[in-house]
Amino acid sequence: MTPDAENLEDLRDRLRVLEKENELLAERAEDISMLGLVAEQTGTSSDPRELLGAVLERVCILKAIPYGACLEPNGSFLRVTSAYHVRRSEEASTDDFQLRDPALWPPRKTVALDPEECGRLFKRIAIEGQGPAPIAVALVPLRTSEQPGACLLFADDGRTSEELASLLPLLERVADLTQARLDNLSLIARLQRLNMNLDLDVAERTESLRRSEARYRILFDHVPDGVLLVDADAEGSFGRIEDANEAAAVMHGYSLEELQELHIEALTAPGPGSRLDSFEARIWRLRPGETVQEEVLHRRKDGSTFPVEAIGTLINLHGRQYVLGFSRDITERKEAEQAMLMTQRTESVGVLAGGIAHDFNNLLTAIMGQTSIAMDRMDEQTPGRENLWKALNAAEKAATLTQQMLAYSGRGKFTIQSVSINWLIQENLQFLAAAITKHVSFKLDLDERIPPVTGDPSQLQQVIMNLVINGAEAIGNAPGTITIRTRDVCVEQADPTQWPLSGQSLAPGAFVQVEVVDTGCGMSPEVRSRIFDPFFSTKAKGHGLGLSAVLGIIRGHGGGLAVDSVLGAGTTFRILLPAGFPDLSSKETVSPGTPRTARRTVLVIDDEDYMLEVVHDTLATRGHESLLAQSGEQGIEMLSLCRDRIDMVLLDLTMPGLGGVETFHRLRTVAPKVPVVLSSGFAEEEATAQMMGMDLAGFLQKPYLVSELIRVVESLPTSSRQE
Amino acid sequence: MLQADAQRVRIQGHHLAYHRQGHGSPVLLVHGITTYSFIWRNLIDGLARHHDVIAVDLLGCGDSDMPLDPSYGVAAHAERLVAFTQALGLGPFAFVGHDIGGGIAQRITVKHPDLVTHAVVINGVAFDYWPVQPIITMRTPIVRQMAMATLDMGAFKLIVQRGVFHKERVTPELMAYFWKPMQTREGRKAFLHFAESLDNRDLTDITDDLRRTKTPFLIIRGMDDVYLRAENSHRLHREIPGSRLVEIAEAGHFIQEDQPDRLVEELNAFLRPNP
């Protein structure tokens with residue numbers, strides 16, 4: 001060979017070597033690219049079946065292997081979970097693999113088998129679309145956690161087993177990547193299942209909790225009283241309002257959201273009387289199951305306060321301590337209690353006033369009687385007679401005062417008849433105008449349609465007069481106005497808070513409302529609460545009985561009374577009088593005295609000796625005889641003994657021991673026909689009501705004038721002496 | 001532009017998809033490997049002004065069926081397309097083939113000379129163009145590269161870019177056309193089956209027939225085609241009597257992307273009836 005030929009041959013050899021190396025490098029690059037594609041697939045696939053299919057395709061295409069599959073053991077058969085055949089369409093395959101000995105599966109390591117070795121392992125290999133049996137088979141164990149028996153199989157009909165064996169390291173790398181991803185996917189699936197179960201569990205518990213919460217919320221929100229859950233976990237002190245119901249929010253003037261942001265102190269009224277400290281102290285001393293109950297003063301959002309009945313107890317909720325409190329607004333109850341107390345006080349004072357008036361009337365009777373007798377025994381010019389006359393006038397004025405007191409106590413003199421209030425006001429307008437100063441003007445707003453009322457016209461006149469005078473005094477020397485207004489109203493249900501001074505007397509029905517409104521100085525709440533107390537007056541010279549009498553008269557008429565006043569602005573008195581057309585009969589007043597008649601013998605029964613004296617002395621001036629008894633028993637005994645002599649009995653109604661009524665009954669058994677004249681410090685209506693059904697010959701209201709006594713005694717016929 | 005929906009016709013048990021546009025003498029456009037009827041989209045309007053243009057998807061490509069049993073070799077495609085033209089009722093037609101389509105054009109022309117009025121081979125395969133024997137096709141580097149391209153769009157894009165002179169025209173829209181068949185396993189298998197089916201003998205067997213053909217031939221080559229040697233086109237021009245060779249500069253293997261208007265001009269001129 002020539003040197004040139006040798007060089008050329010050498011160059012050809014080098015070229016062949018370079019081509020071979022180039023081919024190997026290209027193959028190596030392809031392997032790396034293939035691994036890259038497999039890694040990309042294993043990094044993105046989330047479905048195991050799709051992952052296996054993609055991996056098998058990549059290996060088969062890029063390494064020109066016609067068939068690849070993933071097999072899992074199923075007894076002596078191998079189940080094809082995924083397969084790729086380069087020349088087969090994408091339809092479900094019927095590839096079939098059967099082992100001779102299942103114990104030999106899976107192979108312990110990656111292996112390439114020739115046909116003989118395949119025959120020893122597989123009883124049958126049937127690959128759809130494949131003609132003769134493959135020349136070489138590579139088995140690459142997958143060893144996933146879910147399927148430790150899984151294995152990749154690659155069948156090649158173009159390579160020998162030795163040629164296929166050169167691919168085993170690459171196939172092992174592919175299997176490693178695939179197995180890692182499959183394990184991840186099964187772990188993810190397991191976590192997702194757990195998560196789903198957890199989600200279901202959470203959903204179920206959440207729903208159960210929601211239902212429980214909803215139930216709790218319904219109960220909580222529908223409790224009519226305010227409910228507060230107050231944090232009490234910080235030792236020794238109350239804290240934030242953790243929860244509250246709608247009733248608590250409304251009660252305090254907050255929205256629910258606002259209330260749940262507050263500290264409990266925001267709801268309690270500051271200063272003495274709130275009793276929160278007492279409440280709190282008692283809470284901390286509670287034992288489990290105990291509660292504390294207190295009346296405390298709470299504060300609304302607008303700053304106003306109101307009384308609350310609070311009940312509290314300590315509870316433990318989710319490891320934290322709370323105060324569970326119930327609060328009830330007792331404003332109405334307190335107002336009703338106040339009204340009742342005022343009524344009871346009024347009634348007590350009324351009873352007292354009535355009792356005092358009654359005794360006072362007796363004494364006045366004696367004073368007036370003896371003074372009259374003394375004056376009768378004097379000539380007109382006798383020195384001292386004028387003084388006696390002044391004393392008698394004073395006693396009569398005292399009698400007027402006692403009438404006011406009796407009126408306040410509801411036991412004044414009554415003459416029941418139908419009264420037109422509008423007519424009463426208009427008829428007495430001049431008297432009303434005369435009772436007030438010129439600075440004060442009148443306004444009348446009288447509804448013509450109002451019905452008449454049932455009552456005593458003079459008593460009602462006294463009411464109007466007293467209220468007008470009171471209003472004028474409140475206006476004082478400044479210009480002002482007194483307005484009198486009448487309306488008809490229908491009261492369906494008497495509200496004691498609206499008519500606090502009515503006591504038990506206000507029944508539903510038709511009424512006439514009278515308002516007396518002044519533009520005077522008004523009253524403070526303290527003064528307003530006492531104006532109807534007898535003898536209470538804000539004026540230096542006032543005797544304090546005017547408004548008391550008003551109250552007594554209105555209650556005696558079964559009406560209602562209320563007063564509203566603003567200090568510095570004026571006062572409004574509101575009166576309700578029952579409308580109606582009673583069966584009226586007016587009682588006769590005392591008629592004038594009669595001329596001297598035949599001598600009478602009068603049995604006088606009265607527990608007061610001064611009354612006995614004055615009656616005796618008075619009758620004696622007229623030549624009448626009096627038999628005096630200081631008790632009912634004594635009187636009955638006297639009547640029994642002197643029945644034939646006695647022309648009439650003058651019986652005091654109110655006596656200790658055997659009272660006037662019982663004495664009357666017993667007198668009637670002794671002398672059924674003896675005339676009995678009742679004498680009492682109370683009004684005739686009340687007195688004779690007690691003697692209902694009994695035949696009385698007359699009535700003398702104390703204090704009575706001597707002339708009235710003489711008239712009653714001498715008006716009886718002499719033939720009335722008992723047999 | 002091609003119509004949105006392709007028409008389909010059943011040929012030998014499988015459907016072939018095609019786009020048809022225009023009026024006049026029929027012109028059949030046939031693509032090559034890695035493409036389908038989309039490759040003609042920039043030419044069809046210009047050709048349809050004067051001709052009844054049919055752009056067909058070969059079996060296993062585009063919207064046509066993709067069975068793996070039939071052969072996808074040049075001879076098989078040629079016979080299948082004869083049946084296709086008969087099914088459409090086409091009379092004699094002009095055949096314009098690119099790449100493998102150019103090889104099919106040669107085979108049909110020599111085997112069915114009465115059917116083809118004109119034959120155009122654009123960057124076409126010829127003679128012993130294919131560097132491998134079928135049996136070991138899958139293991140040869142060129143095919144493995146193509147196989148890689150079916151799995152990796154990046155690799156595919158390299159193939160396309162090497163085949164286009166004006167690289168800026170390799171847009172995402174163009175790659176979407178190329179990549180569409182590779183998005184299914186079926187499409188990938190069909191592509192590999194196409195590569196595996198190629199056999200030089202389908203064209204080497206007709207060398208003598210080419211020398212005797214009387215059908216007018218136009219041979220067009222992109223001077224920057226890196227996939228097919230210039231010698232292929234030059235030898236065709238030498239062997240085919242009366243053939244005309246046009247070499248276009250600044251044009252790669254996918255000359256339809258680089259010089260569509262020039263192609264339309266050349267084709268219309270070639271296909272114009274003689275006065």
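Predicted model: local features only at pLDDT ≥ 70, side-chain atom pairs only at ≥ 80, totals over all residues.
Modeller: Residues are numbered from 1 along each chain as its sequence is written, chains are lettered from A and ligands numbered from 1 in the order in which they are written, and side-chain values use heavy atoms, with hydrogens and water left out.

Colleague: How do you know which residues belong to the contact between the chains, and how many does each chain give?

Modeller: Contact means heavy atoms within 4.5 Å. Chain A gives 22 residues and chain B gives 15 residues.

Colleague: What makes up the area buried between chain A and chain B?

Modeller: Buried area is the accessible area (1.4 Å probe) that two parts lose on being put together, summed over both. Here that is about 1,700 Å². Carbon and sulfur atoms give 58% of this area.

Colleague: Why is the pair A:E57 and B:R185 called a salt bridge?

Modeller: The rule wants a side-chain nitrogen of Lys or Arg within 4 Å of a carboxyl oxygen of Asp or Glu. The closest N and O atoms of A:E57 and B:R185 are 3.4 Å apart, so the pair meets the rule. Across the interface of chain A and chain B there are three salt bridges.

Colleague: Which parts of chain A touch chain B?

Modeller: Helices and strands are DSSP runs, numbered from the N terminus (helices: H or I, at least four residues; strands: E, at least two). α1 (3–44), α2 (48–62) and β2 (77–85) of chain A each supply at least two residues. The largest share, six residues, comes from α2(A).

Colleague: What classes of residue does that side of chain A hold?

Modeller: Eight are nonpolar, five polar and nine charged. Ala, Val, Leu, Ile, Met, Phe, Trp, Tyr, Cys and Pro count as nonpolar, Asp, Glu, Lys and Arg as charged, and the others, Gly among them, as polar.

Colleague: What makes β14 and β18 of chain A edge strands?

Modeller: Two strands pair if DSSP finds at least two bridges between them. The open sheet of five strands runs β14-β16-β17-β19-β18 (chain A), with mixed pairing. β14 (440–446) and β18 (560–566) each have a single partner strand, so one side of each has no neighbour in the sheet.

Colleague: How do you know that β18(A) pairs with β19(A)?

Modeller: Seven bridges join β18(A) to β19 (570–578) of chain A, in the antiparallel sense. The rule asks for at least two, so they pair. A:G560 stands opposite A:L576 in β19(A).

Colleague: Which way do the strands pair in the sheet that holds β23(A)?

Modeller: That open sheet has five strands in the order β21-β20-β22-β23-β24 (chain A), with parallel pairing. Its edge strands are β21 (625–629) and β24 (698–701) of chain A. The twist averages 20 degrees from one strand to the next. Axes are lines fitted to C-alpha atoms, for helices over the stretch in contact, and angles run from 0 to 180 degrees between N-to-C directions. Four bridges join β23 (676–680) to β24(A). A:S680 stands opposite A:Q701 in β24(A). Helix α16 (609–621) of chain A packs on the sheet, and its direction makes about 170 degrees with that of β21(A).

Colleague: Why is the bond from A:W105 to A:P106 called cis?

Modeller: Its omega is near 0 degrees. A:P106 lies in the loop between β3 (96–99) and β4 (111–113) of chain A. Most peptide bonds are trans.
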